Amino acid sequence: MGPVISQRAAVVADAAIEILADRGMRGLTHRAVDEAAGLPPGSTSNLARTRAALLELTLDRLTEREEAALSDVMSAIALDAPAPDVAALASARPTGPDTGPVSAGRAAPDAGPVSARPGSADAGAFPLAGLAAVLARATYDAITVHRRATIARYELAMEATRRPELRTVYDEIGRRYRDPAVAMLAAAGAPDPGRQGRQIVAVTEGLIFDAVVGAGAVPTLDDLRAGFAEVLRAVLRSGEEPPASG
């Protein structure tokens with residue numbers, strides 16, 4: 001997890017998030033943030049002097065809020081085994097090229113041993129139903145409860161494609177979401193948790209994007225839970241299939 005920002009910085013960044021959701025990137029100015037936050041003129045400039053600094057602060061705060069929301073989801077879902085600490089998993093560094101924080105077949109940090117064989121739909125420290133429930137609830141909340149924050153994140157994502165300095169920050173934050181997914185899949189016995197964890201995150205992001213800014217309808221929590229269970233079942237059983245010929 002990144003550094004915890006100060007209370008004043010949180011007020012400024014929260015106002016910036018609301019402005020991004022309402023007016024987009026063009027509406028985000030230091031003066032607009034001062035007004036939205038109810039602060040004296042110049043307060044935002046004193047905290048983040050440049051536009052780049054304001055964007056980075058907003059992204060840090062947005063990530064802090066999303067990580068807290070994910071932790072709440074994981075705490076609320078009744079798993080058969082203790083859920084991993086999101087911050088601990090997110091801080092883990094990859095041990096090999098392109099593998100995420102763990103290598104295939106190894107247990108995730110703080111997740112306990114993986115005793116079942118990879119590829120089994122019932123394998124590992126995390127039951128499939130529990131994993132599906134976590135992913136479904138986090139996705140549903142991003143679409144509904146945290147919809148405005150999700151829109152603000154998309155605004156920042158687009159801006160990051162034009163600002164290399166913000167791209168670096170955005171990519172590092174993205175790793176903090178992918179690494180826990182990789183770690184949980186490794187603990188569940190996925191045969192290739194690095195690749196498959198990133199794909200699960202991509203599926204999740206696609207569902208959120210489609211429902212929030214695309215043409216898709218808002219899925220029900222039950223639909224999301226069933227859908228993720230199907231995807232996870234296929235992922236965890238993929239190790240049982242022989243490699244493709246040719």
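**Close-up 1. Helices around the largest pocket of the predicted model.** Helix H4 (51-76), helix H6 (128-143), helix H7 (147-160), helix H8 (164-187) and helix H9 (193-212) each contribute at least two residues to the lining of the largest pocket, helices being DSSP runs of H or I with at least four residues, numbered from the N terminus. The greatest share of this lining comes from H8, with nine residues. The model is a predicted one, in which local features need pLDDT of at least 70 and side-chain atom pairs count only at pLDDT 80 or more, while totals for chains, interfaces and linings use all residues. Residues are numbered from 1 along each chain as its sequence is written, and side-chain values use heavy atoms, with hydrogens and water left out.

**Close-up 2. Lining of the largest pocket.** The space in the largest pocket is about 910 Å³, a pocket being, on a 1 Å grid over the protein atoms alone, an open set of points with protein on both sides within 12 Å along at least five of seven lines, and lining residues having an atom within 4 Å of a point. Of the 39 lining residues, Glu66, Arg153, Tyr177, Glu205 and Ile208 lie nearest the centre of the pocket. By class, the lining comprises 26 nonpolar, six polar and seven charged residues, where Ala, Val, Leu, Ile, Met, Phe, Trp, Tyr, Cys and Pro count as nonpolar, Asp, Glu, Lys and Arg as charged, and the others, Gly among them, as polar.

Close-up 3. H6 is largely enclosed by the rest of the structure, because 12 of its 16 residues are buried, that is, under 20% relative accessible area with a 1.4 Å probe and protein chains only. Among these buried residues are Leu128, Gly130, Thr139, Asp141 and Ile143, and the buried residues of H6 pack against H4, H7, H8, H9 and helix H10 (221-237), with contact meaning heavy atoms within 4.5 Å.

**Close-up 4. The largest cavity.** About 80 Å³ of space lies in the largest cavity, a cavity being a set of grid points where a 1.4 Å probe fits but cannot get out. Its lining is formed by Leu131, Val134, Leu135, Ala181, Met184, Leu185, Ile200 and Leu232, which divide into eight nonpolar, no polar and no charged residues.

**Close-up 5. Surroundings of His30.** His30 lies in helix H2 (residues 30-37) and counts as buried at 17% relative accessibility. The side chain of His30 reaches the backbone oxygen of Ala48 at 2.6 Å.

Conventions
Points joined across faces, edges and corners; volume = space filled by probe spheres on them. Buried < 20%, exposed > 50% of the residue type's maximum accessible area, 1.4 Å probe, protein only. Polar contact = N/O pair within 3.5 Å; in protein donor to acceptor, adjacent residues only side chain to side chain.
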